[in-house]
Amino acid sequence: MLEVKALMVSYSANEYVLKEMDLALEAGKVHGLVGLNGSGKTTFLNCLCGMVHYQSGTISWQHQPLTKAHVAILETQNFFYKRITGREYLQLFRAFNPRFEMLLWNELFALPLDTFIEEYSTGMKKKLAFMSILSFDKPLLILDEPFNGVDMENVQLIKIIIAKLRAIGKTILITSHILESLINSCDTISYLHDQRIQRTFYPEDFSRIEEVLFDVTNKKNAQLVDRLVKPAAIHPSTNLPDLPTPP
């Protein structure tokens, strides 16, 4: 199990991004994380990976402190060296898992491995980064917006891979702005708001996620829209001459 207790993260004095945040995620399941922009999702994921320091609280994996040895992350934006091919990039990770079958995986993703990465499309770069994450073979995988920039066919492929990883016991945490993708893939979906997890939804409650997620903001925004968008004023004509009667 992944357990987060009383997590506190601040980038400046007395301004917390995450405050007294608690979360417990069962191992061997697929878990979603949702929240509006700026709610702290990426900060939380970076805490799990050791890329952001947290001021207090604990993060544990299977009752031991979580370390980089347990987790691999697919970031929203990935960095690639310009003059390197897809094949060379993936070979950088061979030391972590010499058994990783790069060519066999690429039969699924169909990437031009001998082309420079700078010539790849956004979707191709996402698939390359996803392959690199799979090469680590870690028990906990974090996927930050894995469907962004990927076409419909490969969205389905990623979903199939996620389901297979779950079947072999991997634990996966996914964020996505595409709520339907989470609903179709996840065993739980947690809602991050006001610096902490407000609620964790289970499949029987998934139909209410959108209602809870947007209820407050929709009401507020609707009031502002009503003030800004008004019907055009109709000005009555004054002193217009009578039109001549047709013969």
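**Strands and helices of the predicted model**

S60 is part of strand 4, which covers residues 56-61. Strands (E, at least two residues) and helices (H or I, at least four) are DSSP runs, numbered from the N terminus. This is a predicted model, in which local features need pLDDT of at least 70 and side-chain atom pairs count only at pLDDT 80 or more, while totals for chains, interfaces and linings use all residues. Residues are numbered from 1 along each chain as its sequence is written, and side-chain values use heavy atoms, with hydrogens and water left out.

S60 counts as buried because its relative accessibility is 16%; buried means under 20% relative accessible area, exposed over 50%, and partly exposed in between (1.4 Å probe, protein chains only). Apart from neighbours within four places in sequence, S60 is in contact with M1, L2, E3, P65 and L66, where contact means heavy atoms within 4.5 Å.

Six strands form an open sheet with mixed pairing, in the order 6-7-8-3-9-10; two strands pair if DSSP finds at least two bridges between them. Strand 6 and strand 10 (196-201) stand at the edges with a single partner strand each, so one side of each has no neighbour in the sheet. On average, neighbouring strands of this sheet are turned by 20° against each other, direction ignored.

Strand 3 (residues 30-34) and strand 8 (residues 171-175) run parallel and are joined by 4 bridges. Here L33 stands opposite T175 of strand 8. Strand 6 (residues 71-74) runs parallel to strand 7 (residues 140-144), and 4 bridges join the two. In this pair, I73 stands opposite I142 of strand 7.

In a regular strand the side chains alternate between the two faces of the sheet. In strand 6, V71 and I73 lie on one side and A72 and L74 on the other; these residues are all buried, and both faces of the strand are covered. Helix 4 lies across strand 6 and strand 7, and runs at about 180° to strand 6. Axes are lines fitted to C-alpha atoms, for helices over the stretch in contact, and angles run from 0 to 180 degrees between N-to-C directions.

Helix 4 (residues 122-136) also meets helix 3 (residues 102-109): their axes come within 11 Å and cross at roughly 145°. M102, W105, N106 and F109 of helix 3 and K127, F130, M131 and L134 of helix 4 make this contact. These residues divide into 6 nonpolar, 1 polar and 1 charged, with Ala, Val, Leu, Ile, Met, Phe, Trp, Tyr, Cys and Pro counted as nonpolar, Asp, Glu, Lys and Arg as charged, and the others, Gly among them, as polar.
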